[in-house]
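User: I'm new to this structure and would like to learn how to read it. Could you walk me through a few features?

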Amino acid sequence: MKAAVLTQYGKIEWKNVPTPSISDGEVLVRVKYASICGSDQHVFRGEFHPRTSVPMIQGHEFGGVIEKCGKEITNFQAGDRVTVDPIFWCGNCPACEIGHYPACLSLKLLGIDVDGGFAEFVVAREFMLNKVPTDISDKHAALVEVLAIGFHACKRANVRQEDSITIYGAGKVGQCILQAVRTKTSGPVFMIDILDTRLHLAHQAYPDIITINARDVDPVSVIHEHTNGRGVDIAFEAVGHAVVVPERLHPVRGCIQAIRPAGTVCVLGLSDTEAPLVMKELIFKEAKIITSRVTHGEFAETLHHLEHGHLKPDALISRIMHLSEAQQAFEILEQEPEKYLKILLRV
Ligand SMILES: [Zn+2]
Ligand SMILES: [Zn+2]
């Protein structure tokens, strides 16, 4: 088969590799579209080393058609359209003991820890498979994983009808949180970033949201003005590597100041740097600060909302290229991040 192989960090080659074989409990999926994730970019740059090692095949956001099933597969057959939940957990660690798989001590992902979907074929286990309804296109099937990240964050933060929401970060994850949030609440949503292009994308898809460029105005003041000093019920942080804007708070502290008393802050951005916080601000509000990492069974919910037209997947797609152009696609994302959300790779 052909695959986009990361042969060394920073270099993807389109080349022939052996088509993987399957065991009795596995299926072979013919990939239709795959999507490039922010973590794929980290892997590409070598920032996941030594967790990742080259050569490898990336790709954990993809959809396709089952080509072949192992003997033990009971609920799926060749020809089924599927999207693949890329996570597998160990089953033995303290997190797995209580069924909290996203916190598994040795959580693994297809496309990071084992070969993934930037190839004509990929191997998956039965529990990872989700059938894709006919009303959902192959392109949109490749976005189910990242959209499900938004639904998981909503579940972690317990978003309810009429809740008001702040989302720091209008990148890939922030936009997916926005889409999930809008299936749950019609309350006010504030979206914050320092790139107008990203805020514009969010606003085009959801004209009722209030976008705030933190370079121009102080997001916390704007939120309090709009909510008569009350603050929002829930604030999500999806920035990750925060760019320090003079006279502005770090996004996590901004979230704490933006929520109402007894509100919730949900942090998703993965950063290695410290977030300066004043815990008193959280304590006086008796507020909750929680985190959200990957997904935990939200594929079904995401597929349901996609099937019924409740989401705007096209708003996430900046460009479609062929998988053979993966190197070019990664270079574009590295060079002009502000112009792109998702690049889809057609196989
Ligand atoms: Zn991802
Ligand atoms: Zn575990």
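Analyst: Happy to. Keep in mind that this is a predicted model. Let's begin with a pair of helices: the axes of α4 and helix α10 (residues 299–307) come within 9 Å and cross at roughly 105°.

User: How are α4 and α10 oriented to each other, then: roughly parallel or roughly perpendicular?

Analyst: An angle from 65 to 115 degrees counts as roughly perpendicular, and therefore α4 and α10 are roughly perpendicular to each other.

User: Which residues of α4 and α10 meet?

Analyst: From α4 come V144, L147, A148 and F151, and they meet F299, E301, T302, L303 and L306 of α10. Sorted by kind, the residues of this contact are seven nonpolar, one polar and one charged.

User: How should I read the buried residues of a helix? Take α11: which ones are buried there?

Analyst: The general idea comes first. An α-helix has 3.6 residues a turn, so residues three or four places apart point the same way. Now the case here: in helix α11 (residues 326–335), the buried residues are A326, A329, F330 and L333. Looking down the axis of α11, you find these buried residues within an arc of 95°, so they line one face of the helix.

User: And what covers the buried residues of α11?

Analyst: The cover includes strands β1 (2–8), β2 (11–16), β17 (317–322) and β18 (342–346), along with helix α1 (38–45).

User: β1 and β2 turn up there. What sheet do they belong to?

Analyst: An open sheet of three strands, ordered β2-β1-β4, with antiparallel pairing. At its edges stand β2 and β4 (56–57), each with a single partner strand, so one side of each has no neighbour in the sheet. Between β1 and β2 there are six bridges in the antiparallel sense, and A4 stands opposite W14 in β2.

User: What about a sheet with parallel pairing? What is the strand order there?

Analyst: Six strands make up that open sheet, and the order reads β13-β12-β11-β14-β15-β16. Its edge strands, β13 (210–213) and β16 (288–291), each pair on one side only. On average, neighbouring strands of this sheet are turned by 20° against each other, direction ignored.

User: Can we zoom in on one pair? How many bridges join β14 to β15?

Analyst: Five, and the two strands, β14 (residues 232–237) and β15 (residues 259–267), run parallel. For A235, the bridge partner in β15 is V265. Helix α4 (residues 144–157) packs on this sheet, touching β14, β15 and β16, and its direction makes about 145° with that of β15. Helix α7 (residues 219–226) packs on the sheet as well, where it touches β11 (165–168), β12 (189–193), β13 and β14.

User: Now β5: which strands is it joined to, and in what sense?

Analyst: Seven bridges join strand β3 (residues 26–35) to β5 (residues 62–69), and these two run antiparallel. One example is R30, which stands opposite V65 in β5. β5 is also joined by three bridges to β6 (residues 81–84), again antiparallel. There, G63 has T83 in β6 as its bridge partner.

User: Last one, a single residue. Is R160 buried or exposed?

Analyst: R160 has 12, so R160 is exposed. Its place is in the loop between α4 and β11. Leaving aside neighbours within four places in sequence, R160 is in contact with K184 and T185. The C-alpha atoms of R160 and V181 are separated by 9.0 Å, although the two residues are 21 residues apart along the chain.

Methods. Residues numbered from 1 in each chain as written. Chains lettered and ligands numbered in written order. Predicted model: local features only at pLDDT ≥ 70, side-chain atom pairs only at ≥ 80, totals over all residues. Buried ≥ 20, exposed ≤ 12 C-beta atoms within 10 Å, placed from the backbone. Helix = DSSP H or I, 4+ residues; strand = E, 2+ residues; numbered from the N terminus. Arc of directions from axis to C-beta. Contact = placed C-beta atoms within 7 Å. Pairing = 2+ DSSP bridges. Axes fitted to C-alpha atoms, helices over the stretch in contact; angles between N-to-C directions. Parallel < 35°, antiparallel > 145°, perpendicular 65-115°, else oblique. Nonpolar A, V, L, I, M, F, W, Y, C, P; charged D, E, K, R; others polar.
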